[in-house]
Amino acid sequence: MAEPRYLLRTFGCQMNEHDSERIAGLLTADGYVATEEAADANVVVFNTCAIRENADNRLYGNLGHLRPLKQANPRMRIVVAGCLAQKDGGTIRERAPWVDVVVGTHALPGLIELLHRAETEGPQLDVREQTEIFPSALPALREVAHHAWVSIAVGCDNACTFCIVPLVRGPQLSRPIGDVLAEVQGLARRGVVEITLLGQNVNTYGRDLTVPRSAQRPLFADLLRAVNRVEGLRRIRFTSPHPHDFTPDVIDAMAESDKVCEHIHFPLQSGSDRVLRAMHRSYRRERYLGWLERIRAAIPGIAVSTDIIVGFPGESEEDFEDTLDVVRRARFDQAYTFQYSPRPGTRAAEMEGQLDKPEVQERFDRLVALQEAIALERMREQVGSSAEVLIEGLGRKGGAQGRTRGNRVVHVGGEHAPGTFLDVRIVGAHPHHLEGELAERREHAAVG
Ligand code: SAM
Ligand code: SF4
């Protein structure tokens, strides 16, 4: 008998990509194999995101497309997992009664059991409120063998007024440092050379933990130093630090730890102090810029990326100009720009002064144009330099594609397997990628 097949679609951030590796791992351990064709699939899983509104529309659109397939093949199981599942729970089954399993962010470990129960008992819903097992502790099926996401904390204790995350992921729960290290050591033994530590606010990692037989709490800087000592690992990344909780010991740990890459994702959200206050982001523009200066002084050449929201309720033209001003001064290498999207249940969704779409779009376009120009300037500064590139896969126009330690995408000619480290000379620049020429083939990362 042919193995059962699953189709998995992931929406949203790295946390969701990380959870999807676990969903794939759980299904594989249960005997499933992956397919890209919905018509072939015994199980279709949507791992959803709730950060912006269009995520809902996309999910219901996708579920609508599946409906005729499900009617033709009633044994096909449809699963909705992730943040929208956690947030909307029963509503999903009301709007799309052909869904078989709704599994929230905390209930992922029970996915297989829910699928089995759906066979005999009909539709299942599990949107429990508490995480009992970290997703990282579940079996994983990773897309690339040389890189792994490692969750160090789930949930968030902040209350940014625009953000749905605390509602769908719950309060922060840090993973004991020993568990994180054991996972990273195991990954390194299996040939993983690059890891990304994941948490909504990595700086508050450990606040909810105690070190056995000590009054101290492990700090993020301690974790970075400990992970840096793991043999076989070559690159450490992390996302995201919150500018409010950022501390000098993290800069010291980054500067001292040779495996920690020269890149930081440092979410600004807005350059206006008034808007930052309304967002409940408790740093201010000058403090943010001050941190950037210190980080750049301690780690020369570090690349900086950020998140920016345009059109927060009440944002005036002057507030927006403040954001443009910070963007000009910060000279980000990359910015993820978002149009504000009201999320029911968040404080900002109830605020007065919700802006019209055309106004937000016009500001958004100006921000993107400015940032694109800065990104190109920053990329051009790289031309003529040498860089270590870790190959990730095929380039879009032939050749291979990888990343520098500064997280810059580089296209290189020739065939190079994912996981290969190359020494490359940078010969061309575009806003979102560089062109490199092979200086020397260094080695192939052992992936197994
Ligand atoms: N914990 C991270 C932090 O504090 O920076 C953010 C995590 S969130 C998954 C990623 C980004 O989505 C945020 O930094 C923010 O820019 C954006 N975002 C969150 N809620 C949003 C909303 N309601 N509308 C538009 N963008 C939003
Ligand atoms: Fe959301 Fe703010 Fe927590 Fe980030 S820090 S996840 S933006 S509430």
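Guide: Helices and strands here are DSSP runs, helices of at least four residues and strands of at least two, numbered from the N terminus. The model is predicted.

Visitor: Where is the place of Ser-240?

Guide: Ser-240 sits in the loop between β11 (235–239) and α9.

Visitor: Which loop holds Arg-331?

Guide: The loop between α12 and β14. Look at the backbone there. Phi of Arg-331 is near 50°. That is a positive value, and the residue is not glycine.

Visitor: Now the sheets. How do strands of a sheet pair?

Guide: Strands pair through backbone hydrogen bonds, either parallel or antiparallel. Now the case here. Six strands make an open sheet in the order β2-β1-β3-β4-β5-β6. The pairing is parallel.

Visitor: Which are the edge strands of that sheet?

Guide: β2 and β6 (124–126). Each pairs on one side only.

Visitor: What packs on the sheet, touching β1, β3 and β4?

Guide: Helix α1 does. Its direction makes about 175° with that of β1.

Visitor: How many bridges join β1 to β2?

Guide: Two bridges join strand β1 (residues 5–10) to strand β2 (residues 33–34), and the two run parallel. Arg-5 has Val-33 of β2 as its bridge partner. Between these strands the chain passes through helix α1 (residues 14–29). This β-α-β crossover is right-handed.

Visitor: How many bridges join β1 to β3?

Guide: Five, and β3 (residues 43–48) runs parallel to β1. Take one pair: Thr-10 is partnered by Asn-47 in β3. Next along, β3 pairs with strand β4 (residues 77–82) over six bridges, again in the parallel sense. There Phe-46 stands opposite Val-80 of β4.

Visitor: And the side chains: where do they point in a regular strand?

Guide: They alternate between the two faces of the sheet.

Visitor: What is the order of the open sheet of three strands?

Guide: The order is β12-β13-β14, with parallel pairing. β12 (263–265) and β14 (334–339) are the edges. Each has a single partner strand, so one side of each lacks a neighbour in the sheet. The twist averages 15° from one strand to the next.

Visitor: How many bridges join β12 to β13?

Guide: Three bridges link β12 and strand β13 (residues 303–310), and these strands run parallel. Ile-264 has Val-304 in β13 as its bridge partner. Helix α13 packs on this sheet and touches β13 and β14. The direction of α13 makes about 175° with that of β14.

Visitor: Which residues of α12 and α13 meet?

Guide: α12 supplies Glu-317, Phe-320, Glu-321, Leu-324, Val-327 and Arg-328. They meet residues of α13, among them Arg-363, Leu-367, Leu-370 and Ile-374. By class, this contact of α12 with α13 has six nonpolar, one polar and five charged residues.

Visitor: How far apart are the axes of α8 and α9?

Guide: The axes of helix α8 (residues 220–228) and helix α9 (residues 248–256) are 8 Å apart, and the packing angle is about 10°. The two helices are therefore roughly parallel to each other. α8 contributes Phe-220, Ala-221, Leu-224 and Arg-225. On the α9 side the contact includes Asp-249, Val-250, Ala-253 and Met-254. The contact of α8 with α9 has six nonpolar, no polar and four charged residues.

Note on methods. Residues numbered from 1 in each chain as written. Chains lettered and ligands numbered in written order. Predicted model: local features only at pLDDT ≥ 70, side-chain atom pairs only at ≥ 80, totals over all residues. Heavy atoms only, no water. Contact = heavy atoms within 4.5 Å. Nonpolar A, V, L, I, M, F, W, Y, C, P; charged D, E, K, R; others polar. Pairing = 2+ DSSP bridges. Right-handed = clockwise from strand over helix to strand, strands pointing away. Axes fitted to C-alpha atoms, helices over the stretch in contact; angles between N-to-C directions. Parallel < 35°, antiparallel > 145°, perpendicular 65-115°, else oblique.
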